[in-house]
Amino acid sequence: MSDDHSNSDHDSTAHHDSDHHSNNGSLRVSDYSPGSAAAQGLQCCHHCGLLAPSSQHRCKRCHTHLQLRKKYSLQRTWALLITAILLYIPANLQPIMRTNLLGQEDLSTILGGVVLLWEMGSWPIATVIFIASVMVPLGKMLALIWLCLSVSGSHKRWPRQRTMTYRITELVGRWSMVDVFVVAILVALIQLGQLMSIYPGNAALAFAGVVIFTMLAANSFDPRLIWDKLPPDDDSSHPSHTRKAGDSSI
Amino acid sequence: MNDLFFITHTACHSCDLLIRLPQLTPGEKALCPRCGHMIEHNITHGPALSLSFAISALIFMVLSLQFPFLAFEAQGQTQQMTLLQSATELAALNYLPLALLLVLFILPLPTLVLTLLCLALTKQMLGVATHWQKRYLQWLTMLEPWCMVEVFLIGILVSLIKISAMADIILGISFWAYVFFTLCMTASLACLDKRQFWQSLGDRTDV
């Protein structure tokens with residue numbers, strides 16, 4: 001995503017302190033959790049996964065700019081997240097769909113649509129829409145707020161659970177788009193003039209914006225920040241540098 | 001640390017733990033011992049499966065553009081639409097941004113991803129590792145989260161149930177082609193383990 005071309009400042013770790021100090025402050029080996037690659041002066045290419053010394057600027061295998069941590073991760077995540085939260089307000093207050101039935105116009109918001117479906121008795125659909133358009137975006141935004149706050153406040157508890165939260169946030173991101181697609185399909189399909197026509201409302205685009213910006217926000221968050229600055233006596237108690245990844249067959 | 005160290009070790013993308021890569025037999029996967037993130041998955045015949053699913057998906061996608069997608073019948077009036085019309089109809093009603101978003105997420109991006117996948121995999125199976133192949137793989141990783149074909153399919157199903165109360169719905173050939181397109185595309189991406197792919201491109205760390 002972010003292939004920044006000024007990559008010179010991530011490498012003030014381990015051996016190479018000759019670089020000018022970065023905007024993240026001067027990161028030292030002790031800033032990273034023991035056992036992590038960064039604490040041993042190593043970094044991993046985010047594209048191909050090849051290990052390299054922290055002082056290296058480009059991956060030898062795929063030529064990507066190497067970054068010890070995603071650049072300005074928290075700032076970017078906050079900025080995108082706030083954009084999404086602001087867009088979420090019109091997305092819920094404005095109508096997402098206008099139904100024109102025999103000359104009579106009917107506006108429906110996201111929540112109104114869910115309530116209507118529930119009352120009509122089609123509660124499975126109401127549940128799907130409720131999960132996809134209300135719970136998932138709200139949950140995503142709350143999860144990202146929690147993650148950002150916990151990282152900047154350097155909380156040390158539940159690193160595994162927070163990483164899991166992040167991964168779920170990343171996975172479910174696209175699914176909130178369902179409601180926008182439903183509106184688009186209904187609009188395309190139901191154009192019978194005065195008899196019955198459906199038009200998209202302002203909320204459709206705002207909601208698409210919410211989905212896109214939360215996806216970008218999740219993308220710019222770096223889960224490794226959760227693990228940095230963890231005390232050595234955490235669950236990863238083995239002092240050894242390297243361990244075999246646990247195998248589990250399917 | 002010699003060159004071998006950099007090949008046999010990696011860092012978890014999720015928590016940055018330094019890990020020695022285990023030798024996986026087909027069907028096994030490696031998880032990060034600290035955070036549980038999947039490091040590598042040795043899928044049995046992964047590249048071959050992935051390539052065949054990708055080609056099938058492309059064929060189904062071409063098919064899904066050719067025929068009527070859905071038809072809608074209410075009070076003697078019938079309206080038919082093709083897959084592309086779902087976007088062009090929006091554009092015609094002056095909702096251009098919405099139309100562009102819709103069409104981008106369900107057609108050009110998935111096509112691009114599948115094409116890149118086919119190109120990269122074909123070259124890998126022929127045993128040629130080129131500079132371009134690495135580019136394809138990088139673009140693929142970047143574009144993958146933005147393909148929303150399966151989300152669109154759920155969207156279709158939800159809207160069908162929404163309107164089935166007031167009208168008769170006729171599913172066209174394109175609809176079924178689209179269902180198979182979605183299934184093949186999902187399978188194709190699921191069968192690809194990127195770390196294995198990168199390793200197959202050669203542990204030679206030359207540029």
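Reply: In the hairpin formed by β5(B) and β6(B), two residues lie between the strands, and Q75(B) takes a positive phi near 50 degrees. This is a predicted model, in which local features need pLDDT of at least 70 and side-chain atom pairs count only at pLDDT 80 or more, while totals for chains, interfaces and linings use all residues. Residues are numbered from 1 along each chain as its sequence is written, and chains are lettered from A and ligands numbered from 1 in the order in which they are written. Strands (E, at least two residues) and helices (H or I, at least four) are DSSP runs numbered from the N terminus, and two strands pair if DSSP finds at least two bridges between them.

By that rule, β5 (residues 70-74) and β6 (residues 77-81) of chain B run antiparallel and are joined by five bridges, with Q77(B) in β6(B) as the bridge partner of A74(B). Strand β5(B) is also joined by four bridges to β7 (residues 168-171) of chain B, again antiparallel, and here L70(B) stands opposite L171(B).

Elsewhere in chain B, helices α5 (residues 108-126) and α6 (residues 131-143) have axes that come within 9 Å and cross at roughly 145 degrees, the axes being lines fitted to C-alpha atoms over the stretch in contact and the angle running from 0 to 180 degrees between N-to-C directions. The crossing of α5(B) past α6(B) is left-handed, a label used if the near helix is turned anticlockwise from the far one by less than a right angle. Among the residues that make this contact are L109(B), L112(B) and L116(B) of α5(B), together with Y136(B), W139(B) and L140(B) of α6(B); two residues are in contact if their C-beta atoms, placed from the backbone, lie within 7 Å. By class, the contact has 12 nonpolar, two polar and one charged residues, where Ala, Val, Leu, Ile, Met, Phe, Trp, Tyr, Cys and Pro count as nonpolar, Asp, Glu, Lys and Arg as charged, and the others, Gly among them, as polar.

Chain B touches chain A through a contact that takes 62 residues from chain B and 63 residues from chain A. On the chain A side, helix α5 (residues 178-189) of chain A gives the most, with nine residues, and that side has 38 nonpolar, 17 polar and eight charged residues.

Chain A itself has seven helices and seven strands. Three of its strands form an open sheet in the order β4-β3-β5, with antiparallel pairing, and the edge strands, β4 (104-108) and β5 (196-200) of chain A, each pair on one side only. The twist averages 20 degrees from one strand to the next. Strand β3 (residues 97-101) of chain A is joined to β5(A) by five bridges, and N100(A) stands opposite S197(A) in β5(A).

Helix α1 (residues 73-93) of chain A has 21 residues and reaches 31 Å from its first C-alpha to its last, close to the expected 30 Å, a span given by 1.5 Å times one less than the number of residues. Its buried residues include L80(A), L81(A), A84(A) and L87(A), buried meaning that 20 or more other C-beta atoms lie within 10 Å of the residue's own, with C-beta atoms placed from the backbone. Their cover includes α2 (110-120), α3 (123-152), α6 (202-220) and α7 (224-227) of chain A.

How values were computed:
A residue is buried if 20 or more other C-beta atoms lie within 10 Å of its own, exposed if 12 or fewer, and partly exposed in between; C-beta atoms are placed from the backbone.
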